[in-house]
Protein chains: 2
Amino acid sequence: MTKTVAALQEEMTAKGIDWLFLTPSPNFRYVTGYKALPLERLTLLMLPSVGIPKMIVPRLEFILAKEHVKIECEIESFSETDNAIDIVSTIASGTVAVDPYMWSEKLLKFQGHMANSTFIDATSLINVVRTVKSEAEIAALVEAGRAIDWVHEQVSAMAFLGRTEREIGEDIKALIFESGHETVDFVIVASGPNSASPHHEVSDRILEEGDVVVVDIGGTMPSGYCSDCTRTYVVKQIDPTFQHYYDILQNAQIKAVDGSLIGVSCEDLDSIARNILKEADLSDYFIHRTGHGIGLQTHEDPYIVQGNKHKLVEGNAFSIEPGFYIEGKYGARIEDIVISTSNGPINCNNRPRNLIVVH
Amino acid sequence: MTKTVAALQEEMTAKGIDWLFLTPSPNFRYVTGYKALPLERLTLLMLPSVGIPKMIVPRLEFILAKEHVKIECEIESFSETDNAIDIVSTIASGTVAVDPYMWSEKLLKFQGHMANSTFIDATSLINVVRTVKSEAEIAALVEAGRAIDWVHEQVSAMAFLGRTEREIGEDIKALIFESGHETVDFVIVASGPNSASPHHEVSDRILEEGDVVVVDIGGTMPSGYCSDCTRTYVVKQIDPTFQHYYDILQNAQIKAVDGSLIGVSCEDLDSIARNILKEADLSDYFIHRTGHGIGLQTHEDPYIVQGNKHKLVEGNAFSIEPGFYIEGKYGARIEDIVISTSNGPINCNNRPRNLIVVH
């Protein structure tokens, strides 16, 4: 983390940024090692472009902060009746890059009290460190992938017919915990026509023979790193037209994983999957981007989307998840987490990608 | 919820606010009924002071939004390559109150694209509706209280001696789910000297005879409403000095609950507990406010703290949780959720408040 602080300060100096303000968030945790909760009281890391960072914490979290902050840092606490914003404004001024996840009420207070300062989004600054995963981070993502693969393995043997999406979802939730995740972040069990809604969660719909079921699940491991994996199941029998579409999707997904190479731009990677679906007249039904970065958050940079000219570098981690969604009928998605390395892409998810028949 | 929209619009007109912008948050859920996740793509409720609200959603969440939004609302979707901020800026301008929980990166984008608009914190506007709980909300908080009381009942029969805080915490986590909560929001098992750190979570410290153990736990029910309750336990035997301090604390907590009457100001309510601890020379060790509001969030207005002149009204819901914390030695806290009504305070938590001996 000392390396992270140095890298951020170097980038800040190059960009003319005087301060980086981080409130409890994945960025805060990444830089400090301290997993604080975002609450109404101010907890703030103030990183200057030169010198030792300062942290402002509520008095009742002082012991906690001292214990968990892993970087060299002056920690100052304030009591319930102090105005924490006043403390900050006497220390910092200039161009301040703020945590993209800072609550607006806090940013508005800073803007109100620090009229001569300019506040900018810290995303591009933070991305310099966070989008390039270290060996330990890659190992954590591989571990998370293995855990969620185990869950999909159990799902493929589960009873589907006659049960509701919600019941199946509850079973999956328990399995995600059992697999070693610390939290369950989302459970999508989208059956029949619901499979055409990419972010559908669960409903009381009862599963019928012939239903397509998109199962998109993820959680956070004790390491803080996230899993996210989608497989498409079908109850007992497969509609031949759907199977035909699915084969095209599967080919698109595999080609995009194989194409996740260093130097390829995010938008070109998106095009690999999109063009294959286009040739089969399915691209109108592929209504979202090919993928999103992943790490301490399920969604982070880099996004695999048209318009993103970022070229993949060693250690970028992201999902490859093309899909098609035909409203009122059915949909499908296949998703793996992939890491680009000089030895080619690492695929964190290794369950079969074909349509899986369940009963 | 139609009533909520009308109440907000009336308040906006009175205050000269042209628009209310809400992104996925407890406020967004409260106003629309739609529990959307805060993500990088923009989901925005745009409520004008007069007229029908508009919602901007990503294309892949359009079906979901149509299904879950419970207010009259025009829903417009945008695709992955559209600029959602441009869409918003062609519709709205003027004084815009923004969700206090909106991510700063989004507020900064609005500020950059809508140079002639003024952005203010929507907290005081939102509080007009959210701090006054309806009968259904009171019932939901009572239900949440009953569930967490059941967990504390199990905890009082649990094995403590020789186990770690983390192990006990894992058991409690499972019990919180078993009690009907949908999520576990926090589990504090602070033993021995750790009990002097109010927001300590769990550690690998092994519990010994004579340890004080502060157990502060909470979660969210399927209704969306939160529980939060603290009891203090002691392993096998009680230090007489600690028992003496604790008796004073218990008296302070009971008096503050009894004093949670309509018309009493939040700071005067804080003083009830604080003065009792002061008389016993314990007030220097009571390093936090007496309580926080609760509802769809564990912490929300009104805060029971010095400086808050808000006078309690029918339907305010908040914690009463005085404590004392002697660094290096021990600490204690007793916490109930209380609702002020014209029939006197409703206490949502009803487990014994005395020091509970465990083994």
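Here is a quick tour of how chains A and B sit together and what lies inside them.

Keep in mind that this is a predicted model. Start with how the two copies relate. Turning chain A by 180°, with 0.0 Å of shift along the axis, superposes it on chain B with an RMSD of 0.0 Å. That is the relation of a two-fold axis.

Now for the place where they touch. Of the interface residues of chain A, 100% are also interface residues in chain B, so the copies meet through the same surface.

| Item (chain A with chain B) | Value |
|---|---|
| Residues from chain A | 43 residues |
| Residues from chain B | 43 residues |
| Area buried between the chains | about 3900 Å² |
| Share of that area on carbon and sulfur atoms | 59% |

On the chain A side, A:L60, A:L108 and A:H199 lose the most area to chain B, and together they make up 15% of what that side buries.

The rule finds 17 residue pairs in polar contact across the interface, and the count of salt bridges between the chains is 2. In one salt bridge, the side chain of B:R289 meets that of A:E40 at 2.5 Å, N to O. As for which elements take part, α3 (62-68), α5 (104-113), β6 (118-121) and α8 (165-178) of chain A each give two or more residues to the side that touches chain B. The biggest giver is α5(A), with 5 residues.

Finally, the inside. The largest nonpolar core has 40 residues, and A:F21, A:F110, B:F21 and B:F110 have the most contacts within it. Beyond its neighbours within four places in sequence, A:F21 is in contact with residues including A:L44, A:V88, A:M102, A:F110 and A:M114.

Key:
Residues numbered from 1 in each chain as written. Chains lettered and ligands numbered in written order. Predicted model: local features only at pLDDT ≥ 70, side-chain atom pairs only at ≥ 80, totals over all residues. Heavy atoms only, no water. Core = buried A, V, L, I, M, F, W, Y, C linked by side-chain atoms within 4.5 Å. Buried < 20%, exposed > 50% of the residue type's maximum accessible area, 1.4 Å probe, protein only. Contact = heavy atoms within 4.5 Å. Least-squares fit on C-alpha atoms with pLDDT ≥ 70 in both. Buried area = accessible area lost by both parts, 1.4 Å probe. Salt bridge = Lys/Arg side-chain N within 4 Å of Asp/Glu carboxyl O. Polar contact = N/O pair within 3.5 Å; in protein donor to acceptor, adjacent residues only side chain to side chain. Helix = DSSP H or I, 4+ residues; strand = E, 2+ residues; numbered from the N terminus.
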